[in-house]
Amino acid sequence: MGRTLTAFFSMTRNLSYGKVKKLVIGHTEQAADLICDTIGGDLYRINKTEALLPENIEYPKEITDMDTYDTVYPGYPICCHNMPAPVKEFLKKYSFAGKTIIPFCTHSGSGMGRSADEIKLICPDARLSRGLAVAGAQLLSDPGRIRR
Ligand SMILES: Cc1cc2nc3c(=O)[nH]c(=O)nc-3n(C[C@H](O)[C@H](O)[C@H](O)COP(=O)(O)O)c2cc1C
């Protein structure tokens, strides 16, 4: 069996009832941890958003062995019914031809939004599997949903 990569981006901010609340660990990071614990493989943070001061910017590491992964789980919070820009950049940066992509997202009501269509457009040569959309708040109450 080939290698698996869970690559996530987390805004670490939760929008609920019109209010933005800072989370200690983002919903998508929690989901990514659960996925990685359950299926194994490598975990990669796409970008860090706590980058208001230039010295705090944590540039993402390069993935030098992307060709060795055959399944990639890209994870992101839904933002304006779509995936956030750093995730699009990540998907454009590497070749996913022939790989299986299984997206997962956390959201506050939109489900996957337009993000699966976006992945099809950016990665036309990948095998796109049905993704998993988890309401951010549900993660805390039912973490087992990810494992199932
Ligand atoms: C700026 C912003 C825009 C958002 N837009 C949406 C949206 O369009 N649809 C939705 O369901 N949730 C939306 N959300 C909610 C987040 O997707 C949700 O809280 C997610 O679980 C946050 O994950 P994170 O903690 O990993 O960043 C938005 C949140 C923020 C901060």
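Helix axes are lines fitted to C-alpha atoms over the stretch in contact, and angles between them run from 0 to 180 degrees between N-to-C directions. Helices (H or I, at least four residues) and strands (E, at least two) are DSSP runs, numbered from the N terminus.

This is a predicted model, in which local features need pLDDT of at least 70 and side-chain atom pairs count only at pLDDT 80 or more, while totals for chains, interfaces and linings use all residues. Residues are numbered from 1 along each chain as its sequence is written.

**Overall architecture**

The chain contains five helices and nine strands. Along the sequence, these elements follow the pattern β-β-β-α-β-β-α-β-β-α-β-β-α-α. Of the 148 residues in the chain, 30% are buried. A residue is buried if 20 or more other C-beta atoms lie within 10 Å of its own, exposed if 12 or fewer, and partly exposed in between, with C-beta atoms placed from the backbone. Two residues are in contact if their C-beta atoms, placed from the backbone, lie within 7 Å. Among contacts in the chain with a separation of 6 or more, 75% are accounted for by residues 24 or more positions apart.

**Helices**

Helix α2 (residues 85-93) and helix α3 (residues 115-122) pack at an angle of about 25°, and their axes are 10 Å apart. The contact is formed by K88, L91 and K92 of α2 together with E118, I119 and I122 of α3. By class, this contact has three nonpolar, no polar and three charged residues. Here Ala, Val, Leu, Ile, Met, Phe, Trp, Tyr, Cys and Pro count as nonpolar, Asp, Glu, Lys and Arg as charged, and the others, Gly among them, as polar.

Helix α1 (residues 27-39) has 13 residues, which at 1.5 Å a residue should span 18 Å; its end C-alpha atoms are 18 Å apart, in agreement. The expected span is 1.5 Å times one less than the number of residues. Buried residues in α1 are H27, T28, E29, Q30, A31, A32 and I35. Just after α1, G40 takes a positive phi of about 80°.

**Loop residues**

The loop between β5 (69-77) and α2 holds C80, and H81 is placed in the loop between β5 and α2 as well. Phi of C80 is near 50°, a positive value in a residue other than glycine. H81, although not a glycine, has a positive phi of about 65°.

K99 lies in the loop between α2 and β6 (100-101). Its contacts, not counting residues up to four places away in sequence, are with Y69, D70, T71, V72 and A126. K99 and R127 are 28 residues apart in sequence, yet their C-alpha atoms are 6.0 Å apart in space.

G131 is found in the loop between β8 (127-128) and β9 (132-135). Leaving out residues up to four places away in sequence, G131 touches I102, P103, F104, C105, M112 and A116. From G131 to P74 the separation is 57 residues in sequence and 9.4 Å in space, C-alpha to C-alpha.

| Residue | C-beta neighbours within 10 Å | Class |
|---|---|---|
| H81 | 13 | partly exposed |
| K99 | 20 | buried |
| G131 | 18 | partly exposed |
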